[in-house]
Structures are given as C-alpha cells and as structure tokens.
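These are my notebook entries on a single structure. I looked up backbone exceptions, domains, sheets and the ligand site, in that order.

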Amino acid sequence: MSLQLKPRTTVRAKITSVGTYVPPRLLTNADLEKMVDTNDQWITERTGIKERHLVDKGVATSDLATEAARACLAKRGIQPEEVEVIIVATVTPDMMFPATACLVQNKLGATGAWGFDLSAACSGFPYALQVGAKLIESGAHKKVLVIGADVMSSIIDYTDRTTCIIFGDGAGAVLLEPCEDDEVGLIDFWHEVDGSGGVSLNMPAGGSLNPASHETVDHKDHFVHQDGQAVYKFAVRKMAESSEGLLSRNGLTGSELGAFIPHQANKRIILATADRLGMPLDRVVINIDRFGNTTAGTIPLAMNTALEEGRLKKGDLVLLAAVGAGFTVGATLLRWEF
Ligand code: UT7
C-alpha cells in the first residue's frame, strides 16, 4: 500500500487584517481618585495611563474577543465560516472550561473552526502568534485567527491602589494567512519563561491548588497579587534583552525597524526599552494613556493604533515585545505585508 503523504511546505505566515474592541465605559484617573488614595499626577508620571475601558457586568472576555474577531474578518471581507483555527490568548477566560476559543467559535459562527486558549499573561499574544504561524507554515491551515483578550477588571481589587490603576479591559484579533511568493510576513520569534518569577505576579486562588472557598474570598485571593517593583525590573531587562537577541540573530538593529509595538504595561518600561534599542520615539507605538494594561490585548490594540495613525506601511520591519506573569517573555519580528 503506498502512502499519499501531504507535501512539506516552506510557506511563511503573514498578518492580513487587524480588528479590536474595547468596551465603551471609561475609568479615568479622576474616577480612581474618588475610589482609592491616588492622584492623576502619580498615575501619569509612574505609568503613563490616563484612562482605561471597563466592561459592564455580564460582559465577558469571549464577548470582547468575538467583537474584535468580527472587526478583523470584516476588514478582510472574510466570512466566519472560512476561519479554520481560533487561538485565544487570555488569563481571564469566561470560565475555567470550556475554553474561551470555543465560546468565540460559537458566538462568531465560525462553524468550520477548531481552537483553544493559550495562557501566557501579557506575553500571550506573541506566543499565540508563533503557534498560529506554525499552523500556517506546516501547510495544515490557511486561515488562523489569533486573538488577545482580557477582562482584567474581573480579577482586580478596586481597593488596592497598586494594581487597580494599571489594568483595563480590551481585545485585539489578527488573521494569519500564507504569504504570497514575494512576501516575508512573520520572520522570527523569541520566547522565554522564568518560572521562578511566578510568585511576583499571580492570582492565588480559583485553580486546583486553592479552589474557591469562603476563606479564599475573605483573603482576596481571587484578585491579582503583584510585586510591582520585581515585575518592573524584570520587564525592563527582558523587554530589551529579548528584542536585542531577536534583532541581532537576524542581522538587524533597532534603527532599521519601521515600528516597535511593545506590550503596554508601563510607559517607563516602554521608553527604557526603546532607548536601549536606539529606537527613535516616532517609531515607538504607545497607547497606554487610553487603554492601560489590557494584558493579552495590548499588542493588537497598539497595532491597530499604529494602523489608524498611518504608521505601518507595507514592507516595514516591525518588532513586537512583551513580558508578563510567569514570568513569560515574547518577541516577534515581522515584515508588514498590507
Ligand atoms: O504586564 C505586566 C504587569 N505588570 C507590570 O508591568 C507592573 C510593573 N510595575 C510597575 O509598573 C510599577 O512598579 C508600578 C506602577 C506598579 C508602581 O510604580 P513604582 O514606581 O514601582 O512605585 P512603588 O511601588 O515603588 O511605590 C512608590 C510609592 C509607595 O509609597 P512609599 O512607600 O514610597 O510611601 C507606594 O505606596 O508610591 C506609592 N503608591 C502609590 N501612590 C499613589 C503605590 N501605588 C500608588 C498609587 N497612587 N496608585
């Protein structure tokens, strides 16, 4: 019996569309001044954030992800039934199971798609991009939706001034498709994990270690716990190291990039990274002032901002970089192809 094997392919993946969604309700620094002992000047100087968008009760991560996916597909003129895979990067799934990707598949009407969730916190989007790219490169699929979505307000203690000022809710989706002959698309990825950093940023309860109980609720263990300075120091170092590593192994320097689209955790972390890469600030995409830290949503939201502002042109080399809970580190090098 002769086997009819699928031929190997060497095709690359490219991003062909970007869509985003943030809920309409705003939480401004002035609102936070009324909730905790903080002020606009402190928040602006220490983080760069002015306002964030928050969901209303009953709106979940799958809702934001579905809206972002709809916008993404509409821009490309593609029907939901044509989508083959849905990957949702999130740390705030609607529920422990089923995966948010399954809920999105149903809400979107992507009847031909399979999918799954990916948990890598703020590095979730670059991680999911690589997984999606490999599904295209292998020849297995031709239309992969990669979504970064989080409803951080569902796990934030709005009496804790050290965390509640930082986070927001939001989602972004990109469509991955195979490159045409002369295109380059997603070039290279740099990912790391340092699990010793898990203690510095986590949500202690709700999993198998500390299932929900009256005690976990009383101890506020279903909220984000963060050692801000430890995360800050790791992020400043690793955003730069991963970016430099990825650029240098591709024979590039920061000055050759058309755009740097970093995870939006803190404006000071972004500026320190850009400085170390020698990136002129007009090529660094920053929208943290409007959205705060939306965890897996920040990079596609910033990509969309760059598109809206006309700062991404076909042929531009683009670097994405993120650091998040885990600790996780993720960077992507790509050539913009539309
Ligand atoms: O995506 C990954 C997720 N997380 C991050 O990336 C977070 C990384 N870390 C950070 O962005 C920063 O560490 C923070 C924004 C969280 C904090 O900024 P910081 O410059 O590291 O402040 P700090 O923790 O050193 O606190 C300085 C002071 C403290 O007061 P004392 O002890 O000096 O009297 C804090 O109690 O600021 C105080 N403080 C605040 N004051 C006003 C902390 N939070 C606030 C606040 N408003 N919201």
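In which loop is P98 found? I located P98 in the loop between β4 and α4 (100-108). For element names I rely on DSSP runs, numbered from the N terminus: helices are H or I of at least four residues, and strands are E of at least two.

Before going further I note the basis of the entries: this is a predicted model, in which local features need pLDDT of at least 70 and side-chain atom pairs count only at pLDDT 80 or more, while totals for chains, interfaces and linings use all residues. Residues are numbered from 1 along each chain as its sequence is written, and side-chain values use heavy atoms, with hydrogens and water left out.

**Entry: backbone exceptions**

I checked the peptide bond between F97 and P98 and found it cis, with omega about 0 degrees. I placed F327 in the loop between β12 and β13. A121 is not a glycine, yet its phi is positive, about 50 degrees; I found A121 in the loop between β5 and α5. I recorded these cases because most residues other than glycine have a negative phi, and most peptide bonds are trans.

**Entry: domains**

I read the chain as domain 1 (13-178) and domain 2 (186-335), with bounds from an automatic or database domain assignment. Their centres, taken over C-alpha atoms, are 14 Å apart. The contact (heavy atoms within 4.5 Å) takes 50 residues from domain 1 and 44 residues from domain 2.

**Entry: the five-stranded sheet**

I traced an open sheet of five strands in the order β1-β7-β6-β4-β5, with mixed pairing; two strands pair if DSSP finds at least two bridges between them. The edge strands, each pairing on one side only, are β1 (13-21) and β5 (114-118). On average, neighbouring strands here are turned by 20 degrees against each other, direction ignored. Angles in these entries use axes fitted to C-alpha atoms, for helices over the stretch in contact, and run from 0 to 180 degrees between N-to-C directions.

Strands β4 (residues 85-89) and β6 (residues 144-151) pair in the parallel sense over five bridges, and A89 stands opposite G148 in β6. Helix α3 (residues 61-76) lies across β1, β6 and β7 (169-178), at about 125 degrees to β1. Helix α11 (residues 298-308) also packs on the sheet, where it touches β1 and β7.

**Entry: the four-stranded sheet**

I found the order β8-β13-β12-β11 in an open sheet of four strands with mixed pairing. Its edge strands are β8 (186-193) and β11 (259-262). The twist averages 10 degrees from one strand to the next. Seven bridges join β8 to β13 (residues 328-335), and the two run antiparallel; V193 stands opposite T328 in β13. Helix α5 (residues 124-137) lies across β8, β12 (317-324) and β13, running at about 130 degrees to β8.

**Entry: the ligand**

I counted 22 residues around the ligand, the closest being T38, R46, Q226, Q229 and N266; a residue counts if one of its heavy atoms lies within 4 Å. A ligand nitrogen atom is 2.7 Å from an N or O atom in the side chain of T38. A ligand oxygen atom is 2.9 Å from an N or O atom in the side chain of R161.

Key. Polar contact = N/O pair within 3.5 Å; in protein donor to acceptor, adjacent residues only side chain to side chain.
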